Amino acid sequence: MNRSTLSLLAVTTALAAVTGFAVVSAPDGGTEKAATATPARRPVERSSLLCPAPSTSDLAETTYTSFTPPGKSGAAKTGSAELAPTDATLVDPDEGKGKKDDKKKAGAGAGKVRESKPVLSLKEPGKPATAEASGAESPALVGAADGPLAPGWTAQQTTKITAGSARGLLGVSCTAPDTDFWFPGASTGASRQDYVHLTNPDDTAAVADIELYGKDGALKSEAGEGITVPARSTVPVLLSTLTADRAENATVHVTTRSGRVGAVVQAMDGKLGSDWLASSAGPGSTAVLPGIPADATSVRLVVFAPGDDDADLKVRLAGPSGSLAPAGSETLHVKSGMTSSVDLQDVTKGEPGSLVLTPAQGTAPVVAALRVVRGKGAAQEVAYIPATAPVGERATAADNRAKGSILSLTAPGAAAKVKVTASAGSEGGEPVVETYTVKAGTTLAVEKPPVPAGLKGSYALTVEPQSGGPVHASRALALPEDGIPMFTVQTLPDDRGTVSVPEAEQDLSVLDD
């Protein structure tokens, strides 16, 4: 009888680095966890991102920025991170190798792979890569990173449109594919044209459902059911075509029946301009919406309660010196299955802040977002701030310029110390590191965040909490145009650069006869 030993440590580590969880089969056919020790944190080995098609405007000027923070020494030395158009073409990798006859029998697409010239390729951690595109034909992008470029890989899409119904500065962090998204703050109203962009990164079709909820509950719609998103393609869906009901403040829920997609809402207002509305953090009893500009002239809060119970919330503004309740809007009652909104007007009163929602009673879950307007009259500009999860270990805003960035750090509970790193510039410059302390219950608006020494091009800002309570963060980018205060805000949840990997305490032995 021979006895062979199978080491579980390498197998478990590899599986968890990709999936975040792994189990193994014991010799008797049962299943047991690979470890009982406290899980270690390991860098992920692969990341995927999707960027929506930027615009249908011929005036659109888009910048793509890709970045991975530097890793620890001893990590893998080789890897890739590329973003390519969704309309990649099928090619035969064995073309010219004498293998055609067998493939003809199997069908026209047999053995073919999708190939497309990347729009953006990242070469090394710690230094952003950029690319530019113009006009209405710029496609949606899909891509993946592996090796040392996977942990914390981030991509930003920034589009400037100077005129027309889509006028504005539209910024969005390219998203990971998923199966469930919430978008409070969308609209089917007459003044808005909102599209939800569904992007499929895979080689098989995905099927998605879109549900809409207004102030009185679900909006009647059958057109939002069973939307097919073909393989490696993007489908923009105009929300107002899904229902005859008009809801100025609506919540969109995107789920998939099969496959996975990236989803984001392009919100266009004929008077206020346009921007991307990213998905809210998942339903929870509390919500933090960081980064309301000091000069905001109008702030609207939109909240949806997806659970079976109504939600009663306390509304607080966390400013530079502490938290206070907005006059007349100290609490908010949200009925189950309905969207509630409240106009907070110029709630910041000349000081930057963040909105914090906590239960007044009960723990009913909610999702939330802010519509924020700067400027007055014909020179107004809109942006959206969804509720966001804490930074966790690390988060990055990829596209920053020499001027125009404001970093907002909110500590809704205990005080926190935060390290902020300005990366090397895309065309030159050395990293710079600063450390900030955020007092309990406040928002610290860093109006002049660190800039790389000798900066050339753009750069990334990476946020890493060092001690204290949870930190929620966002980055605003302002690029004024002809007197219009164009701006966009991106929240900074954890970059999911690491996963928990159980530490194997023993080997399992397999008995062979």
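A polar contact is a pair of N or O atoms within 3.5 Å; within protein, one atom must be able to donate a hydrogen and the other to accept it, and residues adjacent in sequence count only if both atoms are side-chain atoms. The model is predicted, with local features needing pLDDT of at least 70 and side-chain atom pairs pLDDT 80 or more, while totals for chains, interfaces and linings use all residues. Residues are numbered from 1 along each chain as its sequence is written, and side-chain values use heavy atoms, without hydrogens and water.

View 1. Strands are DSSP E runs of at least two residues, numbered from the N terminus. The T243 side chain reaches the backbone oxygen of K220 at 2.8 Å. T243 has a relative accessible area of 6% and is therefore buried (under 20%; 1.4 Å probe, protein chains only).

**View 2. Strand β42 (residues 487-491) and its partner β41 (residues 472-478).** Five bridges join these antiparallel strands; pairing requires at least two DSSP bridges. S474 stands opposite T491. F487, V489 and T491 point one way from β42, T488 and Q490 the other way, and all are buried.

**View 3. The aromatic pair Y213 and F304.** Ring pairs (Phe, Tyr or the six-membered ring of Trp) have centres within 6.5 Å; planes under 30 degrees apart are stacked, over 60 edge-to-face, the rest tilted. The whole structure holds three aromatic pairs. Y213 and F304 form a tilted one, 4.7 Å centre to centre with 40 degrees between the planes. Both residues are buried.

How values were computed. Buried means under 20% relative accessible area, exposed over 50%, partly exposed in between (1.4 Å probe, protein chains only). Helices (H or I, at least four residues) and strands (E, at least two) are DSSP runs, numbered from the N terminus.
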